[in-house]
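The following exercises concern the sequence and the structure shown below. Each task is followed by a solution in steps.

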Amino acid sequence: MARTTTAWVTLALLGATSVVAAAPIAAAPAVTAPATACPTGWGSLDKARASTTTAPVTNVRTGRQACYDRMVVDVPGAGSSALGYTVRYVDRLHQDGSGRPIPVGGQAVLEVRVAAPSYDPETGAPAYPGRAGRPLPGVDLTGYRTFRDARFAGSFEGETQIGLGVRARLPFRVLVLNDRVVVDVAHNWTGTR
């Protein structure tokens, strides 16, 4: 009887082993990296800074970032304390002085005013080659997630006006750095990339 019991125990153990071996091994859960958070607290309300300079705008350029599209207005010699601006969403861009509407592509239009002329105040000679109603010279927005169009509106009474077309009314911020005004428009409201 001891032999029979040993045989049954051995068979029982072999059976348990084969059941365990036949069971599939559960895969470890996949670890996914969290989506990178982008700033979302900028809002879409008007932003302004009261200051002015006679140093002229010489260039406008754009760039793509992970969380936003960026436009930079270069004003060499202005420093940072003398640079003023007003940036706001408008239903339609109207050129200062004439009131002429300027079509700007996109679902929303940001009016960007920099308190600096786009001409030399002493001679009146253009310092920036933009033409009213035309796309910004040298700016190609192909492949941008947010920017759709960028139009020069003109320079009137010491302020340079630009229309920036975006795909929707999205949060934006404005920064003043040495010799330049920077406008960043977020890719979305949620803060994910």
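**Exercise 1. The surroundings of Gln-161**

Setting aside residues up to four places away in sequence, Gln-161 touches Leu-93, His-94, Gln-95, Asp-96, Glu-111, Val-112, Arg-113, Phe-152, Ala-153 and Gly-154, where contact means heavy atoms within 4.5 Å. The model is predicted: local features need pLDDT of at least 70, side-chain atom pairs count only at pLDDT 80 or more, and totals for chains, interfaces and linings use all residues. Residues are numbered from 1 along each chain as its sequence is written, and side-chain values use heavy atoms, with hydrogens and water left out.

Task: state in which strand Gln-161 lies and whether Gln-161 is buried or exposed.

Solution. 
- Step 1. Gln-161 belongs to strand E9; helices (H or I, at least four residues) and strands (E, at least two) are DSSP runs, numbered from the N terminus.
- Step 2. The relative accessibility of Gln-161 is 1%, so the residue counts as buried. Buried means under 20% relative accessible area, exposed over 50%, and partly exposed in between (1.4 Å probe, protein chains only).

**Exercise 2. The chain and its confidence**

Task: determine how many helices and strands the chain has, and where pLDDT stays under 50.

Solution. 
- Step 1. The chain has one helix and eleven strands, in the order α-β-β-β-β-β-β-β-β-β-β-β along the sequence.
- Step 2. The average pLDDT of the chain is 86, and 81% of the residues score at least 70; pLDDT is the predictor's confidence in each residue, from 0 to 100.
- Step 3. Over residues 4–25 pLDDT stays under 50, and the model has zero contacts there beyond four places in sequence. Where pLDDT is low, the predicted coordinates should not be read in detail.
- Step 4. Of the 193 residues, 40% count as buried. Among contacts with a separation of 6 or more, 67% come from residues 24 or more positions apart.

**Exercise 3. The disulfide**

Task: identify which cysteines the disulfide joins, and explain why the disulfide is assigned its handedness.

Solution. 
- Step 1. A search of the whole structure finds one disulfide, defined as a pair of cysteine sulfur atoms within 2.5 Å.
- Step 2. Cys-38 and Cys-67 are the partners, with an S to S distance of 2.0 Å.
- Step 3. Cys-38 lies in the loop between helix H1 (2–22) and strand E1 (47–49), and Cys-67 in the loop between strand E2 (59–64) and strand E3 (68–74), so the pair ties together parts 29 residues apart in sequence.
- Step 4. The torsion about the S-S bond is about -70°, so the disulfide is left-handed.
- Step 5. Cys-38 counts as buried at 11% relative accessibility, and Cys-67 counts as buried at 11%.

**Exercise 4. Aromatic rings and charges**

Task: find how many aromatic pairs the whole structure holds, and describe the geometry of the pair of Tyr-89 and Phe-172.

Solution. 
- Step 1. The search of the whole structure gives four aromatic pairs. Rings of Phe, Tyr and Trp (its six-membered ring) pair if their centres lie within 6.5 Å; planes under 30 degrees apart count as stacked, over 60 as edge-to-face and the rest as tilted.
- Step 2. Tyr-89 and Phe-172 form an edge-to-face pair, 5.6 Å centre to centre and with 75° between the planes.
- Step 3. This pair links distant parts of the chain, since Tyr-89 is in strand E4 (residues 85–90) and Phe-172 in strand E10 (residues 172–177), 83 residues apart. Both Tyr-89 and Phe-172 are buried.
- Step 4. The charged end of Arg-64 sits over the ring of Tyr-144, 5.4 Å from its centre, and that of Arg-173 over the ring of Tyr-68, 5.2 Å from its centre. The criterion is NZ of Lys or CZ of Arg within 6 Å of the ring centre and within 35 degrees of the ring normal.

**Exercise 5. Positive phi**

Task: state where Glu-157 lies and where Asp-179 lies.

Solution. 
- Step 1. Glu-157, not a glycine, has a positive phi of about 50°. Glu-157 lies in the loop between strand E8 (147–156) and strand E9 (159–166), and counts as exposed at 69% relative accessibility.
- Step 2. Asp-179, also not a glycine, has a positive phi of about 65°. Asp-179 lies in the loop between E10 and strand E11 (180–186), and counts as partly exposed at 22% relative accessibility.
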